[in-house]
Amino acid sequence: MNNQVREILEQSYATASEDIVVEEGLVRYDWPGHTRQVSKLPYCHEARFSAGYYAYGTLLGRLDEQAGLEMLEAIAGLQFTDPEHHDYGGFLWYREESVIQDSNAAFFILMPLVVVRLCAPGVLPASHLEVIGRMFSHAAAWFSKECRAPELFYPNKTMSDGAMLLAIAHFLEEPAYLETATGYFRRWEEYTVRRGWGWGENISLVYQGVMMNALRIAGSVLQQHDQELAGRLSERMETLKNILVFHDGEELVPSIRSYNFRGETKRASLLWPIAGVTGLGRLAEQNFSLNDAATLLLFEEDFLQGKDSPSAQPVPRVLEERIFDAARSYTWIGRHTRLGSINRFPVMPGSYQHPAWGLGWQSFPVSFSVRDQQVSYLRWYVDDSAAVRTHPAEDYRTAYLMPALFAEPLYPEVETRSAQQGNALLVVRSMTRLHNRAAELTDEWVIHRYDGEIARVMNTAGDREWLVLHYPGCAVAVTALRGIGAGAEARAGLPVTVVREEGRIRLRQVLYSGDSTVLALPRLEAGWAVICLDEAAEAGDVRRLLDTVQIEDSEREDREVPREPWARVRNIVLAAGNQPPVQLTVDPYAP
């Protein structure tokens with residue numbers, strides 16, 4: 001192990017050891033766990049962190065053999081070992097659980113054991129290898145089941161399941177498991193080439209890391225068994241790295257499954273040095289969880305090739321990235337500002353919300369960023385008088401157990417449709433076939449840590465008001481497009497209210513406000529236009545630029561299918577000076 005990598009791992013382990021409590025082999029948390037069974041408990045014992053604490057403590061020589069063996073036996077006690085059990089080979093995440101509620105537990109718990117076994121097999125005593133081998137043998141059945149019928153749209157999970165099975169098959173020298181895992185990766189790679197990255201974890205700083213760990217493990221095993229497939233997986237890895245290089249160390253805009261509810265522009269991640277954006281030396285100044293240590297060990301050689309400062313990239317620059325089928329992300333990066341959007345979100349049917357999961361609460365399909373200030377994002381806000389739900393959420397812990405936007409299990413179709421050219425964006429947000437309770441329903445921009453005033457600028461023609469946020473060296477202008485509020489039969493202009501709260505501002509289009517009632521409506525709709533004025537700091541410059549902007553918003557009946565007024569095809573065009581126009585077509589009946 002390289003001295004710098006070891007130093008960072010030592011530092012992370014020392015931090016993790018401060019005030020740690022290990023009871024009967026498992027790390028105790030004095031707070032609730034994340035799954036429903038343990039969400040109300042005052043404490044819990046977690047297997048994932050316990051496995052990491054054991055594995056990296058053993059690697060560093062910080063745990064003696066008996067203490068490590070006690071931890072391994074406790075972790076093994078959370079595995080289902082009856083071959084007749086439906087969840088045979090799987091793991092509980094917490095000792096306090098009785099059934100599996102997070103099926104990712106198996107690969108997250110075994111990840112540190114697999115990584116240390118791959119990277120430093122000699123450090124594991126024979127007594128430990130016996131217990132680990134027993135867990136691997138049972139887990140192979142679980143991962144085989146997952147790999148034979150994978151949810152290909154859920155890449156970080158299925159890739160990790162496949163990587164665990166490949167490694168276990170290699171350790172146990174089991175050719176049948178090796179063929180199952182290899183077959184999974186062939187199928188996943190073909191799917192990714194043909195359709196894309198599933199529901200969008202390729203534009204997630206969080207889940208890129210999980211996928212890259214899986215790709216590195218899979219590649220290291222396949223080099224010995226199927227070099228051609230290993231090469232194809234390496235190409236997928238390079239695609240992920242290129243996205244990171246383009247974003248040069250700042251939060252991705254847009255982003256799916258980001259959890260960046262505070263709108264931070266920079267987030268510590270081991271992915272930046274892996275991609276060569278920063279060097280290993282910078283990591284010593286940051287704190288990483290032991291959950292990150294697998295990445296540190298798997299990518300040691302990549303870290304050593306990085307530089308201590310990012311390479312200069314041209315500005316402005318644009319990246320379009322395929323997510324799934326025709327759904328694509330678009331990112332523009334200027335000198336001071338960044339603007340990003342997904343042309344359609346959710347990117348696939350059935351993924352937005354569900355009583356127990358969904359991507360709506362954790363994703364940011366439209367966002368802009370100002371360097372060293374904040375990432376601002378569009379958010380749905382629903383108050384049904386019993387609870388407030390937002391997409392994206394206020395925080396992880398509350399939304400994880402209440403992820404849907406409405407209390408009723410019958411949900412409307414919630415969609416975002418966007419078009420972007422460079423620093424200019426058009427977006428229409430809608431809810432179709434709403435039959436849900438609300439006392440207030442709003443679409444809003446959330447802007448954290450903005451202390452300035454919101455300037456209201458009317459263009460020279462006098463037909464459009466822009467809300468302007470001024471920053472050092474730049475500005476961002478936002479305006480509302482026509483929308484459909486509750487009770488309206490056609491699109492009309494909706495006012496934008498500015499709400500200043502402690503630590504943030506919200507720019508709001510209220511689509512319904514009144515008594516808490518079940519809203520039975522064919523469609524609600526909000527629309528926005530955003531322009532990043534990357535070199536305009538003075539009010540006069542901002543006004544001159546906004547005076548060049550024209551927005552045409554029309555609708556039509558195509559006479560090909562029957563359409564109510566709310567279902568007419570809508571065409572919006574934004575023209576600004578000599579720049580290419582932005583054109584967005586919204587057809588409520590389009591697939």
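Helices (H or I, at least four residues) and strands (E, at least two) are DSSP runs, numbered from the N terminus. The model is predicted: local features need pLDDT of at least 70, side-chain atom pairs count only at pLDDT 80 or more, and totals for chains, interfaces and linings use all residues. Residues are numbered from 1 along each chain as its sequence is written, and side-chain values use heavy atoms, with hydrogens and water left out.

**View 1**
Helix α2 covers residues 47-59. Of the 13 residues of α2, 13 are buried (buried means under 20% relative accessible area, exposed over 50%, partly exposed in between; 1.4 Å probe, protein chains only). The N-terminal end of α2 is capped by Glu-46, with a side-chain oxygen 2.9 Å from the backbone nitrogen of Phe-49. This is a polar contact, that is, a pair of N or O atoms within 3.5 Å; within protein, one must be able to donate a hydrogen and the other to accept it, and residues adjacent in sequence count only if both atoms are side-chain atoms. Just after α2, Gly-61 has a positive phi of about 75°. Arg-62 lies in the loop between α2 and α3 (65-76) and is partly exposed, with a relative accessible area of 47%.

**View 2. The open sheet of β1, β2 and β3.**
Three strands in the order β1-β2-β3 form an open sheet with antiparallel pairing (two strands pair if DSSP finds at least two bridges between them). β1 (22-23) and β3 (44-46) stand at the edges, each with a single partner strand, so one side of each has no neighbour in the sheet. Strand β2 (residues 26-29) is joined to β3 by three bridges. Val-27 stands opposite Glu-46 in β3; Glu-46 also caps α2.

**View 3. Strand β12 and its partners.**
Strand β12 (residues 424-448) has 22 of its 25 residues buried, so it is largely enclosed by the rest of the structure. β12 pairs with β9 in the antiparallel sense over seven bridges, and Asp-383 has Glu-440 in β12 as its bridge partner. The antiparallel pairing of β11 and β12 has nine bridges, with Leu-425 in β12 as the bridge partner of Gln-420. In the hairpin of β11 and β12, two residues lie between the strands, and Gly-422 takes a positive phi near 60°. β12 and β17 run antiparallel and are joined by 23 bridges; the bridge partner of Ala-438 in β17 is Thr-517.

**View 4. The hairpin of β16 and β17.**
Strand β16 (residues 497-501) pairs with strand β17 (residues 504-533) in the antiparallel sense over five bridges. Val-499 has Arg-506 in β17 as its bridge partner. Two residues lie between β16 and β17 in this hairpin, and Gly-503 in the turn has a positive phi of about 85°.

**View 5. The largest cavity.**
The structure holds three cavities of 30 Å³ or more. On a 1 Å grid over the protein atoms alone, a cavity is a set of points where a 1.4 Å probe fits but cannot get out, and a pocket is an open set with protein on both sides within 12 Å along at least five of seven lines; lining residues have an atom within 4 Å of a point. The largest cavity holds about 70 Å³ of space (grid points are joined across faces, edges and corners, and a volume is the space filled by probe spheres set on the points). Its lining has 13 residues, with Phe-345, Tyr-352, Pro-365, Trp-380 and Arg-429 nearest the centre. β11 gives the most to this lining, three residues.

**View 6. The second largest pocket.**
The second largest pocket holds about 370 Å³ of space. Of its 20 lining residues, Pro-346, Met-348, Pro-349, Gly-350 and Glu-413 lie nearest the centre. Strand β11 (residues 413-421) supplies the largest share of the lining, four residues.

**View 7. Arg-317 in strand β4.**
Arg-317 is found in strand β4 (residues 317-324) and is buried, with a relative accessible area of 8%. A polar atom of the Arg-317 side chain lies 2.8 Å from the backbone oxygen of Phe-246.

Definitions and conventions. Expected span 1.5 Å × (residues − 1).
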